[in-house]
Amino acid sequence: MVTKTDPRHVRTVHPRLRELLFTVRRFLKNPLSVIGLALVVIFGVIALIAPVLEPPRYPDPYRIPHTGFRIQPSPPSPEHPLGTMQQQYDMLYGLVWGARSAFRIGVVVVAANLLIGILLGLLAGYFGGALDEVIMRVTDIFFAIPFLVMAMALVVAIGRGLKAVIAVLIILGWPSYTRVLRSDILVTRSRDFIMAARASGASHLRIMFTHVLPNAMYSVLILASLNIGSTILTAAALSFLGLGSETGTADWGQIVSLCRNWIVGTPTDRFAYWYVVFIPGFVIALFVLGWNLMGDAVRDVFDPRMRRR
Amino acid sequence: MEPHAEPTAPAAGAGTLAQTRDLFTNFYTFEGVVRALNGVSIVVNRGETYGLVGESGCGKSVTVRSLMRLVQQPGRIDSGKIVLFLNAANRSRGIEIVERTETYMQSIRGSDISMIFQEPGAALNPVMSVREQVGESYRFHRMEQMIGETIERLEKDRQGMAGADPRRALRRMQAAFLRAEREGYRRCAARITAIDDELYGLEERGDAEARDRTHALDRARDRTHPRGGSSAVARRVPVLRRYRRPLDATIHGHVVELLRSLGIPNPENVAQRYPHELSGGMQQRIVIAMALACHPTLLVADEPTSNLDVTIQAQIVELIKDLKRTAISSVLFITHDLGLVAEVCDRVTVMYAGDVSETATVKDLFRKPLHPYTQGLLASVPKVQQVEELSMIPGAVPNLIRPPQGCRFHPRCPMRMDICEREKPATVEHEAGHWVACHRYPGSARSAS
């Protein structure tokens with residue numbers, strides 16, 4: 001604190017750099033955010049260096065190699081460090097390349113949702129009136145139909161595959177963001193500083209993006225970072241139901257789907273195939289956990305009201 | 001309204017800066033229409049501090065918000081006129097703003113009229129640093145000047161450098177981009193001046209043809225945006241955008257100077273801070289800085305001291321009085337503190353339930369209050385040597401969805417007459433410069449129809 005108020009210090013360090021350093025320090029102070037960040041970074045690195053870790057064996061790297069058609073999974077062995085799934089698909093390969101699919105699904109879907117959701121929520125909340133009414137009724141329609149049922153119907157209509165799953169999750173995901181953002185904007189827009197900004201001659205566009213949005217965005221950002229995890233889960237659920245990617249694609253949902261017949265093991269040994277249940281489940285859980293912890297950290301760090309505490 | 005033989009409200013004169021005429025502002029709520037303003041007419045002259053007094057909910061804030069066209073949803077100015085005399089060259093030429101577009105209002109707000117808010121803590125954006133917030137005023141209204149100063153500084157910088165210094169080329173490039181941007185602002189300003197000149201002329205004619213032309217001009221004015229000439233692209237490209245950094249430095253310099261002139265200690269440091277890191281008095285100074293950045297002609301102060309403790313109150317009042325002498329022409333001061341009114345104002349309007357009760361100079365109002373409401377207000381101010389119990393006005397402010405018929409004050413008035421329940425009293429000039437709206441004064445009953 002002494003260094004902060006020292007005028008020499010203020011002059012030597014660029015204010016933006018100082019803020020950034022403060023942000024980083026604030027972030028690193030909380031062990032949970034560090035764990036979250038570490039998990040996401042580890043998965044990110046795995047996804048990035050997937051071709052090094054597991055060189056692809058087919059032209060399409062997302063096809064999991066399989067040696068033979070034996071139906072029972074086999075336990076970890078030197079050739080298959082994490083064992084194999086049904087039909088001898090390699091577990092490690094699937095998980096490593098599946099990390100890429102997971103990022104693709106999670107990040108693309110949530111980014112697109114966020115973009116659509118923020119735009120519509122901002123319009124609805126800030127301008128109100130008929131526009132608000134129309135946008136909110138559309139979101140009501142989306143909420144009226146059960147999510148998974150709608151997603152299944154749409155995937156069937158568009159056609160199977162990872163791209164179809166991504167498209168469907170984008171189409172169905174934005175209404176919750178719009179709703180959350182709109183309610184925050186309704187609160188923010190009636191605050192005095194919005195009036196003050198208007199009194200100093202700010203235009204609507206300027207008020208929307210520099211005064212309203214930065215003050216109303218936190219819940220939506222947290223929702224987004226929490227949703228990266230749950231988006232992966234939904235995509236996995238679709239794959240599990242046989243509607244996602246095609247059999248043998250490196251996608252975590254697909255792996256779980258390949259393993260679902262072996263969850264209860266054999267009549268004599270209930271845990272005979274523990275590895276096909278435990279390993280992919282654990283990986284998915286870690287991934288989701290990482291994003292959730294990051295979500296909380298993002299709020300603590302970027303909200304000026306929280307960060308100076 | 002048919003023309004009256006006698007004026008029913010103070011008329012605009014040569015020194016008038018802002019005038020509202022028979023302003024009706026209503027709020028369309030779920031419970032019904034809240035008739036917040038019931039024909040408010042006030043005249044603020046250049047160089048005066050004008051007080052608006054009344055209890056909570058009497059329409060003081062709605063009046064000034066109407067004046068700035070900042071009435072919040074679901075409120076609306078339903079009828080009446082607001083005329084501003086902002087033309088520096090010809091001060092008798094006013095412009096009517098109820099009919100103007102939002103863009104027009106944006107160019108006036110913060111530049112010619114600005115406002116200080118009641119609660120300094122709430123009037124500052126919590127996620128913007130002080131310098132960004134105060135700097136916004138310059139960015140909205142004084143870009144041409146800011147760019148000009150920046151170019152000058154860059155040129156001076158460049159001349160001071162050795163011939164081989166690579167930074168010379170950089171300075172030249174920055175200046176070139178800024179010149180292009182300034183060119184855009186200049187062209188835009190010239191076009192707007194031309195449009196405004198024509199608008200002033202049309203305002204005086206006021207026939208149907210003039211009205212059509214006015215609408216066309218309004219639309220043309222809306223379309224005129226400073227596009228920054230050839231730098232329009234450059235200032236959006238991530239790395240090229242950096243040519244604007246010297247401009248940010250100029251604005252920052254102005255902000256720091258402004259803060260210093262408002263008596264804020266260590267302004268460089270304060271400028272970097274966020275609002276919640278500052279004390280209430282300091283926050284109010286920042287709010288004042290935002291309002292004063294562009295040297296407005298009219299400063300609207302909406303109860304600027306009600307939420308501050310007494311010592312800070314005194315400081316802020318002193319500051320506003322000082323600024324009145326040096327920086328701004330007129331102040332419209334809203335308060336419910338009669339002591340403060342006596343202290344700072346030249347003329348005062350007392351409002352009750354959306355009506356103007358009485359308008360007079362401070363001396364007249366305190367020496368010889370005419371309206372029963374004003375008399376009641378003054379009687380309920382505690383005095384130093386008071387022995388007997390404090391008097392008060394019985395009853396409460398009426399519900400403005402169903403306001404009392406006739407004079408809105410009649411249910412609480414100790415001098416009520418029969419006519420008060422039936423007819424709204426007109427505002428009459430009982431003595432020179434002393435206007436009152438009450439049936440007890442001759443002339444009031446006559447002009448009401």
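Tutor: In this predicted model, the contact draws 21 residues from chain A and 29 residues from chain B. On the side of chain A that touches chain B, the elements that contribute two or more residues are α2 (7-12), α10 (192-199), α11 (204-216) and α15 (304-307) of chain A. Of these, α10(A) gives the most, with 6 residues. Sorted by class, that side of chain A comprises 10 nonpolar, 6 polar and 5 charged residues.

The sheet in chain B is open and has 8 strands, in the order β7-β8-β9-β4-β10-β11-β13-β12, with mixed pairing. Its edges are β7 (113-116) and β12 of chain B; each has a single partner strand, so one side of each is left without a neighbour in the sheet. From one strand to the next, the twist averages 20°.

Within the sheet, β4 (residues 49-53) and β10 (residues 347-352) of chain B pair in the parallel sense over 4 bridges. In this pairing, Leu52(B) stands opposite Thr349(B) of β10(B). Helix α10 (residues 280-292) of chain B packs on the sheet, where it touches β7 and β8 (298-302) of chain B, and its direction makes about 175° with that of β7(B).

Val428(B) has Val436(B) as its bridge partner in β13(B). These two strands form a hairpin with 2 residues between them, and Gly433(B) in the turn has a positive phi of about 75°.

Note on methods:
Residues are numbered from 1 along each chain as its sequence is written. Chains are lettered from A and ligands numbered from 1 in the order in which they are written. This is a predicted model: local features need pLDDT of at least 70, side-chain atom pairs count only at pLDDT 80 or more; totals for chains, interfaces and linings use all residues. Two strands pair if DSSP finds at least two bridges between them. Axes are lines fitted to C-alpha atoms, for helices over the stretch in contact, and angles run from 0 to 180 degrees between N-to-C directions. Two residues are in contact if their C-beta atoms, placed from the backbone, lie within 7 Å. Ala, Val, Leu, Ile, Met, Phe, Trp, Tyr, Cys and Pro count as nonpolar, Asp, Glu, Lys and Arg as charged, and the others, Gly among them, as polar.
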